[in-house]
Amino acid sequence: MSEPIRAVRGMNDILPDEAERWEALEELLRDWLRSYGYRNVRTPVLEHTALFRRAIGEATDIVEKEMYTFTDELNQESLTLRPEATASVARAAAEHSMLYGGGQRLYYIGPMYRHERPQKGRYRQFHQVGAEALGFPGPDIDAELLLMCARLWDDLNLTGVRLQINCLGSAAERSAYRKSLVSYLESREAELDEDSKRRLRTNPLRVLDSKNPQMQALIAGAPRLLDALGEHSLRHFEGVQATLKDAGRLYEVNPRLVRGLDYYNLTVFEWLSPDLGAQAAVCAGGRYDGLLEHIGGKAAPACGFAIGIERLLALLADSGERVSPDVYLVNQGELAERFAFRVAEALRDAGFSVVQHCGAAGFKSQMKKADGSGAAVAVIVGDEEAQAGEAGVKALREERAQFRVKLETLPNAVADLLFGDADEKGHS
């Protein structure tokens with residue numbers, strides 16, 4: 001017997017019962033994004049490695065140790081499975097001159113890849129939904145994105161999700177701040193853990209993001225980036241906060257929030273849930289005004305966020321409901337089996353979802369399957385019904401007598417059982 005082949009660790013199968021939850025959530029997410037004027041963009045899952053090295057930053061955890069990178073043997077190009085989608089969306093916008101006619105509100109839904117140790121809330125293939133607003137310079141778009149997220153939590157009845165925001169200022173302001181931060185950290189280098197010592201030499205701002213409890217007192221005493229910001233950056237940050245206050249949305253300014261990607265400037269934010277354990281961020285994002293120019297496009301302001309779909313699903317209570325067909329089509333007999341295809345297609349033409357029984361089984365066994373399918377109606381065809389061009393109709397979720405109708409009137413009969421009024425629901 002051959003050794004069984006299993007899924008790659010950290011890359012999970014999503015089986016039908018769970019996939020139905022994903023489909024329902026994705027439908028809601030698309031409606032939510034469209035309601036704010038965001039349009040779908042779909043980029044390849046495979047990009048040139050240089051895109052992520054340049055966009056995310058060489059001295060980030062993602063680029064240093066998490067990317068799935070390989071050499072394409074055909075042309076010796078270095079390619080990478082996308083670890084996040086913002087860089088890909090920016091590349092597409094720059095490559096296709098999407099901002100020529102003005103700002104663009106875009107969204108994506110899809111898989112990302114990072115070579116991490118799999119754990120709850122962190123997988124090697126994971127999925128994100130994200131919004132990217134390109135070409136809008138003011139704090140109003142930052143605030144719009146935050147209020148969008150707040151509305152989503154309300155729509156999903158999620159409680160306890162809290163917002164933290166910070167301002168990273170401009171590249172010049174961060175450069176000046178970096179010197180004072182490095183000086184402080186070097187003066188206390190003996191107290192740094194190994195990860196922070198490594199970051200001190202490569203990306204010192206990331207030391208502020210350490211989750212090590214023993215590092216928190218040292219981090220609390222570090223110089224604050226907010227104190228190093230100029231008038232323009234502070235005015236932008238105050239504009240974001242003013243809109244949040246006007247909308248009555250609570251938030252917390254976290255001066256240690258820096259995010260892990262180099263392309264951020266000005267506003268950064270995270271939405272955190274206490275129900276997610278160590279992986280508390282369900283949504284994160286911020287402004288990245290220099291990214292398009294940095295990857296070879298024309299300079300343009302930009303802001304966006306990404307939501308982890310697996311983490312969002314973990315916060316949603318499983319209703320236990322499954323997606324069921326409207327009709328289960330029971331059939332037995334040579335003529336009936338052929339006629340059943342006409343019946344099923346006629347019902348689908350009228351807008352109903354139909355599961356047609358296939359394979360040998362008696363009526364009793366098929367009716368048991370019909371009941372187990374969750375369908376509200378069983379349509380029953382035997383050779384006698386097939387010869388007459390008719391079908392039996394039986395309500396499965398209420399006590400009503402079984403009856404027979406002609407094929408032409410079957411959709412109306414099914415609609416009457418499902419809805420009580422066929423015309424009202426648009427079925428013919």
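Me: To start, how many disulfides does the structure hold?
Reply: This is a predicted model, where local features need pLDDT of at least 70 and side-chain atom pairs count only at pLDDT 80 or more, while totals for chains, interfaces and linings use all residues. Residues are numbered from 1 along each chain as its sequence is written, and side-chain values use heavy atoms, with hydrogens and water left out. A disulfide here is a pair of cysteine sulfur atoms within 2.5 Å. The number of disulfides is zero.

Me: Which cysteine has the sulfur closest to that of Cys303?
Reply: Cys303 counts as buried, at 0% relative accessibility; buried means under 20% relative accessible area, exposed over 50%, and partly exposed in between, using a 1.4 Å probe and protein chains only. Cys358, on the other hand, is exposed at 62%. The closest cysteine sulfur to that of Cys303 is 10 Å away, too far for a bond, and it sits in Cys149.

Me: What is the order of the strands in the three-stranded open sheet?
Reply: Strands (E, at least two residues) and helices (H or I, at least four) are DSSP runs, numbered from the N terminus, and two strands pair if DSSP finds at least two bridges between them. The pairing is antiparallel, and the order is S2-S4-S3.

Me: Which residue stands opposite Tyr68?
Reply: S3 and strand S4 (residues 77–81) are paired in the antiparallel sense, over five bridges. The residue of S4 that stands opposite Tyr68 is Leu81.

Me: At about what angle does helix H2 run to S2?
Reply: Angles run from 0 to 180 degrees between N-to-C directions, and axes are lines fitted to C-alpha atoms, for helices over the stretch in contact. Contact means heavy atoms within 4.5 Å. H2 (residues 49–56) lies across S2, S3 and S4, and its angle to S2 is about 75°.

Me: Is strand S7 largely enclosed or left open, and how many of its residues are buried?
Reply: S7 covers residues 162–167 and is largely enclosed by the rest of the structure, because of its six residues the number buried is five.

Me: Which residue of S8 stands opposite Ile165?
Reply: S7 has six bridges to strand S9 (residues 265–272), running antiparallel, and there Cys167 is opposite Thr267. With strand S8 (residues 252–253), S7 runs parallel, joined by two bridges. In S8, the residue opposite Ile165 is Val253.

Me: How far apart are the axes of helices H6 and H7?
Reply: Two packed helices are described by the angle between their axes and the distance between the axes. H6 (residues 171–187) and H7 (residues 194–202) pack at an angle of about 145°, and the distance between their axes is 11 Å.

Me: Which residues of H7 make that contact?
Reply: On the H6 side, the contact uses Arg178, Val182, Leu185 and Glu186. On the H7 side, the residues are Leu200, Arg201 and Thr202.

Me: What phi does Asn157 have?
Reply: Most residues other than glycine have a negative phi. Asn157 is in the loop between helix H5 (139–155) and S7, and is exposed, with a relative accessible area of 67%. Although Asn157 is not a glycine, its phi is positive, at about 55°.

Me: And what about the phi of Ser97?
Reply: Ser97 is in the loop between helix H4 (86–95) and strand S5 (104–113). Its relative accessible area is 49%, which makes Ser97 partly exposed. Ser97 isn't a glycine either, yet its phi is positive, about 50°.

Me: How far apart in space are Ala346 and Leu410, C-alpha to C-alpha?
Reply: Ala346 belongs to helix H12 (residues 334–349), whereas Leu410 is one of the buried residues in helix H15 (residues 410–419). Leaving aside neighbours within four places in sequence, Ala346 is in contact with Leu407 and Pro411. Ala346 and Leu410 are 64 residues apart in sequence, and in space their distance is 8.5 Å.

Me: Last one: which residue of S16 stands opposite Gly392?
Reply: An open sheet of five strands has mixed pairing and the order S13-S12-S14-S15-S16. Strand S15 (residues 390–395) pairs with S16 in the antiparallel sense, over four bridges. The residue opposite Gly392 is Arg404.
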